[in-house]
Amino acid sequence: MADNEPEGGAATEAAEAAPSKKGKLKLIIAAVGFFVIVGGGVGGWLLMSKKGHGDEHKQAEVHVKPPVYVEVPEIMVNLVGLPGERVQYLKVKIVLEVKEDKQVEAIKPNMPRVSDIFQTYLRELRVGDLNGSAGLFRLKEELTRRVNVAVAPQQVSAVLFKEIVVQ
C-alpha cells in the first residue's frame, strides 16, 4: 500500500494542477476580452466625439449661398407629328439655376440666344419624347447642355421646369 500512496498522491496533485492551469487560462482570456471590449468602446467614443466637434467647427466656417434663378420667357412650340395627325403644342416655363448673382447679369444679355436654342430644339420633339419622368429628365439634361454652350464661359447649374403643358 505504501507503493500506492505516492502514486495516488501524485495523481491527486496532477489533478489539482490541471484545473488550476485551466482556471488561470480562462481568467486571462476573460480579462483580455474585457479590456478589448472596454478599450474599443472608449476608442469609439473618443473618435465619435472628435468627429462631432470637427463637424461643428466646419459648419461654422462654411457659408453656403443659396442659388440664384433666372427666368426664361415662356416658350410655346408645335411638336413634330405624322402627316394628317392633329397638331400638338408644348408650352414650357423654364428657370435657370446659377450659383452667383454675378452670373445673372452675364446671362441676361444672352437670353435671346437661349430662347432661340430652346425653341429650335423643342420644335424637333415628338410627344413620345416627353413621356414619363425619364423623358423629362432627358429633356432637362439636353437643355442644360445647350444653355451652357450658349452662355459660355458662364455655367448654369440646372434647368428647372416651372410648367410643362402638352396639348
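How many of the 167 residues of the protein count as buried? The share is 22%, where buried means under 20% relative accessible area, exposed over 50% and partly exposed in between, with a 1.4 Å probe and protein chains only. The model is predicted, so local features need pLDDT of at least 70 and side-chain atom pairs count only at pLDDT 80 or more, while totals for chains, interfaces and linings use all residues. Residues are numbered from 1 along each chain as its sequence is written, and side-chain values use heavy atoms, leaving out hydrogens and water.

The protein holds four helices and three strands, in the order α-β-β-α-α-α-β from the N terminus; these are DSSP runs numbered from the N terminus, helices being H or I with at least four residues and strands E with at least two.

Turning to charged pairs, the whole structure contains eight salt bridges, each a side-chain nitrogen of Lys or Arg within 4 Å of a carboxyl oxygen of Asp or Glu. One of them joins glutamate 71 to lysine 162 at 3.1 Å, N to O. Because glutamate 71 sits in strand E1 (residues 68-78) and lysine 162 in strand E3 (residues 158-166), this pair ties together parts 91 residues apart in sequence. Lysine 162 is exposed, at 52%.

Another salt bridge pairs lysine 93 with glutamate 74, their closest N and O atoms 3.8 Å apart. Here strand E2 (residues 89-98) supplies lysine 93 and strand E1 glutamate 74, 19 residues away. Both side chains' residues are partly exposed, lysine 93 at 29% and glutamate 74 at 43%.
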